[in-house]
Amino acid sequence: MSSPGPKQRIFAKLADIAQAIGDAHRLEILEHLAQGECGVDDLAARIGLSIANTSRHLQILRRARLAEPRRDGRRMIYSLIGETDIIRLTSALGRIGERNDAEIQLVINSYFRTRDELEPVSHAELLARLKSGSVMLLDVRPEEEFAKGHLPDAINIPLAELECRMASLPRDRTIIAYCRGPYCVLSVEATAVLRGRGFDAYRLEDGYPEWKAAGLPVAE
């Protein structure tokens, strides 16, 4: 039996990387790490797993060279390796899934489009509106994620605080909300609440990581 050629060897290693991201929890971990570096304990709390299980998933991502740790005292802090490429990879995976998988299409139609019948705002449209000064950007992620990076001039009101801080929002400007990515529900829920209170509100088509990966300006 002949040994595998160079192409087969490369494909085998690419298959290992595909296997590393081929888990729902690990895809969610990648989404959270795309917001900025994060400790194992914080990741575990965000995705609803034990610290031991979260560490196991992170080790798989580490072996695939998708994430790397650094030590901060007794804590291990993880970040993405090749952040832009990983964000583009998961975005492409999402597009393929939306095109090919009936269950994904059902979820998008039954939740995202039911909660938000209006078309999300694209990057190009948001850039044009920002130049005209006609919109206000609302980041509805948790405060610690906002602090790691956000769209320029955005204000941060986490979704859980939106009801009690709504009086501070302008009624004479369009509000565009964004969060972690295209499947994050925070901005969907925020725009529904805002519209219910009479605000002219829309959501961005994706999130902070995709905006950053597109080479658009961010603030940190």
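Reader: Among contacts between residues at least 6 apart in sequence, what share joins residues at least 24 apart?
Author: In the protein chain that share is 65%. Bear in mind that this is a predicted model.

Reader: OK. How many helices and strands are there in the chain?
Author: The protein chain has 11 helices and 7 strands.

Reader: And what does the C-alpha trace span along its principal axes?
Author: About 70 × 45 × 30 Å.

Reader: Sheets next. What is the strand order in the open sheet of 4 strands?
Author: The order is 5-4-6-7. The pairing is parallel.

Reader: Which strands sit at the edges?
Author: Strand 5 (155-156) and strand 7 (201-207). Each of these pairs on one side only.

Reader: Then strand 4 and strand 6. How many bridges join them?
Author: There are 5 bridges between strand 4, residues 135-139, and strand 6, residues 174-179. The two strands run parallel.

Reader: What stands opposite alanine 67 in strand 3?
Author: Leucine 80 does.

Reader: And the turn? How many residues lie between the strands of that hairpin?
Author: The hairpin of strand 2 and strand 3 has 2 residues between the strands. Glycine 73 takes a positive phi there, near 65°.

Reader: Where does strand 1 go? Which strand does it pair with?
Author: Strand 1, residues 38-39, pairs with strand 3. The sense is antiparallel, over 2 bridges. Glycine 39 stands opposite isoleucine 77 of strand 3.

Reader: Surface now. How much of the chain counts as buried?
Author: Of its 220 residues, 39% count as buried.

Reader: And what is the accessible surface?
Author: About 12100 Å² for the protein chain. Carbon and sulfur atoms account for 53% of that.

Reader: Last one, charges. How many positive and negative side chains are there?
Author: The protein chain has 30 positive and 32 negative side chains.

Reader: How far apart are the centres of the two sets?
Author: They lie 6 Å apart.

Conventions: Residues numbered from 1 in each chain as written. Predicted model: local features only at pLDDT ≥ 70, side-chain atom pairs only at ≥ 80, totals over all residues. Heavy atoms only, no water. Pairing = 2+ DSSP bridges. Buried < 20%, exposed > 50% of the residue type's maximum accessible area, 1.4 Å probe, protein only. Contact = heavy atoms within 4.5 Å. Areas by Shrake-Rupley, 256 points an atom, 1.4 Å probe, with all protein chains shown as cover. Lys, Arg positive; Asp, Glu negative; His and termini not counted. Charge placed at Lys NZ, Arg CZ, Asp CG, Glu CD.
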